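Let's walk through a protein model together, one feature at a time.

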Amino acid sequence: MYKNLAATLVAACFFLPAVQAQNSKPATEPIKAGFVYVSPITEAGWTRQHDEGRKAVEKALGDQVKTTFVADVPEGADAERVIRDLASQGHQIIFTPSFGYMEPTLRVAKDFPNVKFESVTGFKTAPNVAASNARYYEGRYLAGIAAGRMTQTNVAGYVAGFPIPEVLQGINAFTLGMRSVNPKATVKVVWLNAWFDPPKEREAAMALFNQDVDVIAFHTGSTAVMAAAQERGKMAVAYHSDMRRVAPDAQIIAVTHQWGDYYTARVKAALAGQWKSGSVWGGVKDGMIRVGDFGPKVPKAVQAEILTQQKAVGTGKLQPFAGPISDNEGKLVLPAGQTLTDAQILSMNYLVQGVVGRIAR
């Protein structure tokens with residue numbers, strides 16, 4: 001599934017204006033909104049951020065909405081069963097925030113044409129299935145700048161889940177950001193082939209710390225990497241959530257994604273009979289990606305630099321994927337004076353110069 005994703009994404013080129021409205025009358029009773037989570041709801045992480053989005057819907061709409069969630073649902077057959085159950089129970093809109101939920105969502109949607117589905121991190125749409133994702137790579141680039149300023153060994157680590165374009169975008173943006181202020185910096189990658197496996201995440205982090213890594217980032221679902229950095233006296237970039245409670249000394253910055261506004265807008269649209277299928281790819285300028293939550297080790301000057309650069313990303317003045325860009329095998333990917341298009345970013349299938357490692361196949 002993951003091996004063929006890049007080619008599929010190029011063909012998809014899916015982030016287009018809304019394509020089709022779902023005609024329905026405004027509801028008089030509370031709308032039922034269902035959420036399916038790929039991991040348990042922990043104190044921080046991927047699922048926590050989406051559950052915060054669910055809570056934001058409740059806060060915004062009050063007695064106009066009734067939400068339900070099912071957590072720790074594996075991708076695949078279990079996901080399809082849970083999504084189908086929610087649709088059968090009368091949920092009018094269902095959010096499925098995990099890439100591996102995309103196909104199960106589409107299959108269930110065919111059998112429930114009057115239910116609206118939100119495939120979060122998916123890229124395929126249907127008349128009653130919308131797709132949405134965030135430009136995580138924008139935050140990764142900014143975190144890379146922070147890592148480049150803070151490292152003493154010039155070696156960063158990166159614990160990665162699966163080699164899908166979204167993860168490659170993050171690794172590459174982090175490396176480019178780091179090397180923009182520290183050209184000697186390199187990034188060592190460990191692949192887990194898992195999204196949520198705290199013991200494996202911890203083990204990978206410890207292995208990287210034994211290889212001169214003094215600052216680490218990750219694309220997995222728990223706080224294990226942060227806890228490992230705290231234990232070893234290293235520095236770490238939090239992902240998904242602010243993780244200073246877990247790593248008060250280790251955290252230098254957090255890359256967070258914010259779903260409350262998007263989820264609320266989509267439920268409001270369904271409630272008003274104005275929901276439309278389409279695709280959204282939001283970033284810093286849309287409020288979906290944010291960096292901050294600096295740790296105590298980060299000098300005020302570095303904090304100010306990052307926040308200034310975040311504004312530049314939001315206005316488009318700073319493009320994380322601006323040329324020249326070469327891959328880590330020496331091939332020129334993008335000449336100077338050009339920037340990667342969305343289609344090129346979405347189909348990313350290489351690691352940039354400065355990354356030590358290969359894509360797990």
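Q: What is the order of the strands in the open sheet of seven strands?

A: Before we start, two notes on the model. It is predicted, so local features need pLDDT of at least 70 and side-chain atom pairs count only at pLDDT 80 or more, while totals for chains, interfaces and linings use all residues. Residues are numbered from 1 along each chain as its sequence is written, and side-chain values use heavy atoms, with hydrogens and water left out. Now the general idea: strands of a sheet pair through backbone hydrogen bonds, either parallel or antiparallel. Here the order is 14-11-10-9-7-8-17, and the pairing is mixed. Strands (E, at least two residues) and helices (H or I, at least four) are DSSP runs, numbered from the N terminus. Two strands pair if DSSP finds at least two bridges between them.

Q: Which strands stand at the edges?

A: Strand 14 (289–292) and strand 17 (355–356) do; each has a single partner strand, so one side of each is left without a neighbour in the sheet.

Q: In which sense do strand 9 and strand 10 pair?

A: Strand 9 (residues 215–219) and strand 10 pair in the parallel sense, over two bridges. One place to look is Val215, whose bridge partner in strand 10 is Met235.

Q: How do I read phi, for instance at His240?

A: Most residues other than glycine have a negative phi, and most peptide bonds are trans. His240, in strand 10, is not a glycine, yet its phi is positive, about 80°. Asp72 also has a positive phi, near 60°, and is a residue other than glycine. You will find Asp72 in the loop between strand 3 (65–70) and helix 3.

Q: Is His240 buried or exposed?

A: Buried means under 20% relative accessible area, exposed means over 50%, and partly exposed is in between (1.4 Å probe, protein chains only). His240 is buried because its relative accessible area is 2%. Asp72 has 48% relative accessibility, so Asp72 counts as partly exposed.

Q: Where is there a cis peptide bond?

A: Follow the chain from Gly323 to Pro324: the peptide bond there is cis, with omega near 5°. Pro324 sits in the loop between helix 10 and strand 15 (325–326).

Q: What is Arg244 in contact with?

A: Contact means heavy atoms within 4.5 Å. Leaving aside neighbours within four places in sequence, Arg244 is in contact with Gln251, Asp293 and Phe294. The side chains of Arg244 and Asp293 are joined by a polar contact of 3.4 Å. Arg244 lies in the loop between strand 10 (235–240) and strand 11 (251–257), and counts as partly exposed because its relative accessibility is 32%.

Q: How many cavities of 30 Å³ or more does a search of the whole structure find?

A: Rolling a probe the size of a water molecule over the atoms shows where empty space is left. On a 1 Å grid over the protein atoms alone, a cavity is a set of points where a 1.4 Å probe fits but cannot get out, and a pocket is an open set with protein on both sides within 12 Å along at least five of seven lines; lining residues have an atom within 4 Å of a point. Grid points are joined across faces, edges and corners, and a volume is the space filled by probe spheres set on the points. The search finds two such cavities. The largest cavity has a volume of about 200 Å³. Its lining has 15 residues, and Val38, Trp46, Ser98, Trp195 and His219 are the closest to its centre.

Q: Which residues lie nearest the centre of the largest pocket?

A: They are Arg135, Tyr137, Glu138, Val313 and Gln319, out of 20 lining residues. Helix 10 gives the largest share of this lining, three residues. The space in the largest pocket is about 280 Å³.

Terms used. A polar contact is a pair of N or O atoms within 3.5 Å; within protein, one must be able to donate a hydrogen and the other to accept it, and residues adjacent in sequence count only if both atoms are side-chain atoms.
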